[in-house]
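Work through the exercises below with the sequence and the coordinates at hand. Each task is followed by a stepwise solution.

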Amino acid sequence: MTATAPRTEVEPQEALGPRPFPAHAPVELPESRRYRLKKRLLGPPLDTDRLEHERLGKPTALAVFASDNLSSSAYASEEILRVLIPIVGVAAFSLLVPLTGALLVVLGFLILSYRETIKAYPTAGGAYMVTRDNFGLLPAQVAGVALLTDYVLTVAVSVAAGTAALASAFPSVSAYEVPISVAFIIVIAFGNLKGVRESGRIFAVPTYFFMAMMALLIGVGVYGMINGNLATAPQHAPGLMKFGSAGDGIFYGAAIFVILKAFASGGAAVTGVEAISNGVPAFKKPEWKNARSTLVVMGCSLGAMFLGLSILAAHMKVAPYQDGTPTVISEVGRLTFGGGSLGNVLYYALQAATMLILVLAANTSFADFPRLASFHAGDNFMPKQLTKRGHRLVFSNGIIALSVAAILLVIVTRAKVDRLIPLYAIGVFTSFTLSQAGMAKHHWTLREPHWRRGMAINGIGAVLSFVVLIVVGITKFTHGAWAIIVIVPILVALLVRLNRQYVAEAHQLEDEAHAAVSAPILSRHVVLVFVARLDQSTARAIQYARTLVPDEMRAVHIAWDRHAAEELADRWRTLGLSRIALELVDCPDRRVARAALDVVAREVGDAKTEVTVLLPHRLYRRFWHRLLHDNTGDEIAAAVTRLEHANVTMVPFQMGEPVPASDS
Amino acid sequence: MIGAAAAERAPSGSPDAIEPIGDVGWRTRARIRGSIRSMRVQPWACVASLECVVVDDSGGILLVFLGRRKVAGIELGRELIAEGMVGQSRGYLAILNPDIELVGS
C-alpha cells in the first residue's frame, strides 16, 4: 500500500499535505467473465457475517429437511407390495397394513432417539459427530461414509422416482427418464448453490402442496371406505405384476423370509429421519428446540401419510405394475378421486405433487451432504476444498460433488428406482445404529438428569435399527446390498489413506515453523534473468531485475542453437545496460530445463547463496493462443525449484491489448 | 455508509459532528466513522504499534496506536468512531492515538 506507492505520486502531494486513502481501489479491475456469470446466475456474494441470517425458520426447515422423509410415503407401500405380491398373491394386501405398522414403530423410536441426539448435539449434530465423540474417528468415518453414500443414493432414488411419477401421468416421456432425471438434479443443485434460505424458499411450496394433496387423498379415501363406495382395482390389467398364490409350495420359514424382505423394502420409508439432526445448525435460535419440534411434526406427518396410503392400497387391492409405472400412489389416486372432471384435476394435482416431492427429497440431501462432507474434511478425512463456503455461503464444492455422483449413478442405473432402494436403506440404518449406540454411550458416560430414560430410548433405537440393518443386509444381499457392503469399507479405507497424507503434510509444514521463521538468512543473493531472445517480455524482466539489489546479477541464455546465441550476444553488446552481463551456456543436447538447473545448482552449491531466477512470462488472452507456444519457461521453473534456496519469479507480460486483469 | 449522512445532519464545528473521511483536513481535529479495512501488526522485535485503515464511502484514514501491540476491539470489519488530531504518516492522513468508540456489537 503506502510503502509501495511510487515516489512521483507522493511528491506533488507534499505541497497540499497528506491525503486520505482512496475509498476504493485506485485501479479499475474488471471482474473475470466467470465471476460475472456466477454473479448473474447466483446473485450477489453473501458476506460471511450474513451466516446468522441464513438460518431457517421452522416452516422452511420442515420443507427443506422433511421432504426426503415425507416423500418416502409415496413409494414405501409400493415397495412392500412389490416384494409380497409375486409370492404370496392377494395375501399381500392383508400383510401391508401390519408391515406398515411395524415400520411405524421403528419410525417412532427413531424420532424419539433423534430427539435425544438433537438435544445432546445442538451445534453440529448428526451421526458423524455423535459417533466421533463417543466411539472415535474411525467409526465416525463409517457412519459418515454410510450417510454420504446414502445421500447420493437419495438424490438418485428420489429423482428417478419423481421421473417415474411423471411417466405415470404422461407415458410418452418414459423414454426420456434418464435425461429428465439429470435435468432435475441440475435444477436442484442450482437452487442450492443460491443459498440456504433461497433454496428453502424455492422448495417449500411443493412440500406443503404434497402434504395437502395427501391429506385430501387420504381424507376422501377413508370417507369412501367408511361409506363402502370405494372402487377396487382390476387384478388382470396388462403389465400388472403376476400374483403368486399363498399355497404355491410356500413353507413357513420362506414365508417369514418374504415378510422380512418386504419389511426391509419398506424400510426406505423411515430414511431421512436423520436429516434434521444433521442440519441442526441451520435452524434459527434456539436451534435444538426448533429442530426437535420440526422433527416431531415430520414424523407424525410421515406416519399419517404412510399408514393412510397403505390402508387405502390394501383396501382397494392396488397392485404395482411390472415396469414401475403407473405407480401405486397414482392408481390409488385415480380410484379414490374417481373419473369425473374434478376427479381428473385432483388426480393430476396429486401426480404433480408426488413428482415434485419425490424430486425435492433430493433437496434434503443437498442440505445435508455438503455439511457432513465439511465435517469429514474438517477432520482431515476428505479433501479440504469441501470445508470452503462458496459465493452464497453454502458449501458449493460439496453441492457440486453430490450432483456429479448422483448424475453418474442415475446414468449407470438408467433411472430405475427399485434397483437403487435396497442400496439405500443399508447406509441409513448403519448410521442410525452407530449414532443411536453412540447416544446410548453418551448417556452412560455423562449421566445427566434423566439419563436412564435417554439411554433406554437410544438403546432400543440402536437395537431396532441394527435389527433392520441385518434384515436388510441379508434379505437384500443379492439385490445390490452387497454393493454397499463392498463400497463403504473401500471408501473408508480411502478416507483413512487421505487422512494419513494430510497428517504427514501437516507434520512437515507445521513442526518447528516458529523457530524456522527466525532462522538466519543466507549471506549472498544472486539474480539470474533467463533470456531466450531479446523482445518486449525479456525487456520487462530486465526492467524489473534492475530494481533489485542483489550481490550479483546476470542474464543467462541457454544456447541450444549456437547461431541464435551468437546473434543474441551481438545485440546484447550494443545495449546500454551497465550492470547486467549476458552469460551464454552451451546446451548441446537441447535440454534447456536441465541446463538451467545446472546453472542454478552451481550457484546454490556453496550453501550460502539464495538464487532468484527471473523468468519472462507471457500471458495469453485466449486458451488456444497459449497452445501455440511451448512452455519452456514452466519447465525451467519446475526443474529449478527442486533445488533448495532456488526461487523463481515470473515476470508477466500481457499479450494482446494491455488489459489490467486477466479475462479468462 | 453512515459518515456522509451523519455529517449533513450534524452542525459543522460541533464537537460531535462526524465528518466524511474524504473531507478530513490535515492538522485539524476530526471525528470520523467507518469500518476497519486493513491492519498492520509489528513483530516483537519492532517498536510496538498497531496501525489500521478505517474507511467510509468517501475515503480512508490511518489510525496509529503507538506503544500498543493489541487494542481490544480493533479487528477487521469492526465499525468504530475515532476522534483526534489529524497528522500524517508516509504521505497519508493519520490520527495518532485516537479516541475510539466501538459501534455495534
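**Exercise 1.** How many helices and strands are there in chain B?

Solution. The model is a predicted one. In chain B, one helix and six strands are found. Along the sequence the pattern reads α-β-β-β-β-β-β. Of the 105 residues in chain B, 31% are buried. Among its contacts between residues at least 6 apart in sequence, 44% join residues at least 24 apart.

**Exercise 2.** Give the strand order of the open sheet in chain A, and state which strands stand at its edges.

Solution. Step one is the order: five strands of chain A form the open sheet as β3-β2-β1-β4-β5, with parallel pairing. Step two is the edges: β3 (581-586) and β5 (646-654) of chain A each have a single partner strand, so one side of each lacks a neighbour in the sheet. Step three is the twist, which averages 30° from one strand to the next.

Step four takes one pair in detail. Strand β2 (residues 552-559) of chain A runs parallel to β3(A) and is joined to it by six bridges. In this region A559(A) stands opposite D586(A) of β3(A).

**Exercise 3.** Classify the crossing of helices α5 and α17 of chain A, and list the residues that make the contact.

Solution. First, the geometry: the axes of α5 (residues 91-120) and α17 (residues 451-475) of chain A come within 9 Å and cross at roughly 135°. That angle makes α5(A) oblique to α17(A). The crossing is left-handed.

Next, the residues. From α5(A) come V106(A), F109(A), L110(A), L112(A), S113(A) and E116(A). From α17(A) come G454(A), I457(A), N458(A), I460(A), G461(A), L464(A) and V468(A). By type, the residues of this contact divide into eight nonpolar, four polar and one charged.

**Exercise 4.** Is helix α2 of chain A largely in the open or buried?

Solution. The number of buried residues among the 10 of α2 (residues 33-42) of chain A is zero, so the helix lies largely in the open. After α2(A) comes G43(A), with a positive phi near 95°.

Terms used
Residues are numbered from 1 along each chain as its sequence is written. Chains are lettered from A and ligands numbered from 1 in the order in which they are written. This is a predicted model: local features need pLDDT of at least 70, side-chain atom pairs count only at pLDDT 80 or more; totals for chains, interfaces and linings use all residues. Two strands pair if DSSP finds at least two bridges between them. Helices (H or I, at least four residues) and strands (E, at least two) are DSSP runs, numbered from the N terminus. Axes are lines fitted to C-alpha atoms, for helices over the stretch in contact, and angles run from 0 to 180 degrees between N-to-C directions. A residue is buried if 20 or more other C-beta atoms lie within 10 Å of its own, exposed if 12 or fewer, and partly exposed in between; C-beta atoms are placed from the backbone. Two residues are in contact if their C-beta atoms, placed from the backbone, lie within 7 Å. Angles under 35 degrees count as roughly parallel, over 145 as roughly antiparallel, 65 to 115 as roughly perpendicular and the rest as oblique. A crossing is left-handed if the near helix is turned anticlockwise from the far one by less than a right angle, and right-handed if clockwise. Ala, Val, Leu, Ile, Met, Phe, Trp, Tyr, Cys and Pro count as nonpolar, Asp, Glu, Lys and Arg as charged, and the others, Gly among them, as polar.
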